[in-house]
Amino acid sequence: MNRLAGVFAANVTPFDPTSLAVDHGWMRRHLAWLRARGCDGVVPLGTNGEGPAMSVAERKAVIDTAIAAADGLAVVPGTGCASLPDTVELTRHAFAAGADAVLVIPPFFFKNVSDAGVLAYYQRLCDAALQPGQQILLYHFPKLSAVPIGDAVAAGLRESHPGCVAGVKDSSGDFESIVHWNKLFPELRVFAGSDSLAGKATAAGVAGTITAGGNLIPDLLQRVRQAVLAGQDPAPHQEQVNLVRGWLERSPSMHAATKFLLTLFAGLPQSAVRPPLIDLNDAQQADLGALAAPFLAQAAA
């Protein structure tokens, strides 16, 4: 549990531009780069990692690479699938490989399901996949999954399976939603999924952040966090974080923009996204590169 805190990258999965196969060598280089810049952990195969666009076998291989290359980074793979059996299989694999915890989004195909149905899904997952001491993070991202995690789900799971829930990742982008979890369930580790709320959420007592920006600027996010913890003003660092996050949000594809920027920030080769996501075209890359150039020049000065 002590490792489930701090700055985590919701790390992207690199696909070869020609074959769309996972580039595991790229992954290893990225994790080393993140580690050198103060990242505390990684969350492969979440939303930014395009987990739902991959087969179970591919996701197992990504988990294995992430854990083998972690070298001190905490690893919390996303194992949630629309299918309960697939989620069970991936969760068992992640823990057998040495994951610190797993991040599980609700089953996302069927909409307007009841809290009772979502709770049953998580209860059966815990029964089938968790051994004593193993824990999950609940992934609340209603804008994407369209299946929210309600208070009754978290409360019911804590009652029926005490000790199985480590915490919650809240990617709603709503500060009040994020702090709500802290107030209602103070024993849970709450992670903010929004770069722009990093400082505010840390000041409110969350355990950490799991964000897209963590792929690119873990050092800046760490400065925000450490400033808050030291009682200092995080605003100068948060402004820089917001600048980079703004580039991603205004891009036609956040996933593609993150991967392109990693060619500039980390010197990594260009990698692709998988359909239905679309890569940036040459003009979009040029525009993004022009935005990043003065930022990178200032960082290197």
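## The largest pocket

In this predicted model, the largest pocket has a volume of about 780 Å³. A pocket here is an open set of points, on a 1 Å grid over the protein atoms alone, where a 1.4 Å probe fits, with protein on both sides within 12 Å along at least five of seven lines. The volume is the space filled by probe spheres set on those points.

Its lining (residues with an atom within 4 Å of a point) holds 38 residues, and T47, N48, F141, L144 and H255 lie nearest the centre. Two or more lining residues come from each of β4 (102-104), α5 (142-145), β8 (208-211), α10 (235-250) and α11 (254-265). Helices and strands are DSSP runs, H or I of at least four residues and E of at least two, numbered from the N terminus. Helix α5 supplies the largest share, 3 residues. By class, the lining has 16 nonpolar, 14 polar and 8 charged residues.

## The second largest pocket

Next comes a pocket with about 290 Å³ of space. Among its 13 lining residues, D219, L220, R223, F295 and A299 lie nearest the centre. Two elements, α9 (218-229) and α12 (282-300), each give two or more residues to this lining, and α12 has the largest share with 4.

## Helix α9

Let's take a look at α9 itself. After the helix comes G231, with a positive phi near 75°.

Buried residues (under 20% relative accessible area with a 1.4 Å probe, protein chains only) in α9 are P218, L220, L221, Q222, V224, R225, A227 and V228. Their cover includes β1 (6-9), α1 (24-36), α8 (198-203), β8, α10 and α12.

## Nonpolar cores

A nonpolar core is a set of buried Ala, Val, Leu, Ile, Met, Phe, Trp, Tyr and Cys residues joined through side-chain atoms within 4.5 Å. The largest one has 85 residues, of which Y122, I136, L138 and F265 touch the most other members. Helix α4 (residues 115-129) gives the most to this core, 7 residues.

Leaving aside residues up to four places away in sequence, Y122 touches V104, I105, P106, I136, L138, Y139, I149, V153 and L157, where contact means heavy atoms within 4.5 Å. A second, separate core has 16 residues, including L4, F8, F141 and A207.

## Notes on the model

Residues are numbered from 1 along each chain as its sequence is written, and side-chain values use heavy atoms, without hydrogens or water. Because the model is predicted, local features need pLDDT of at least 70 and side-chain atom pairs count only at pLDDT 80 or more, while totals for chains, interfaces and linings use all residues.

Notes:
Ala, Val, Leu, Ile, Met, Phe, Trp, Tyr, Cys and Pro count as nonpolar, Asp, Glu, Lys and Arg as charged, and the others, Gly among them, as polar. Buried means under 20% relative accessible area, exposed over 50%, partly exposed in between (1.4 Å probe, protein chains only).
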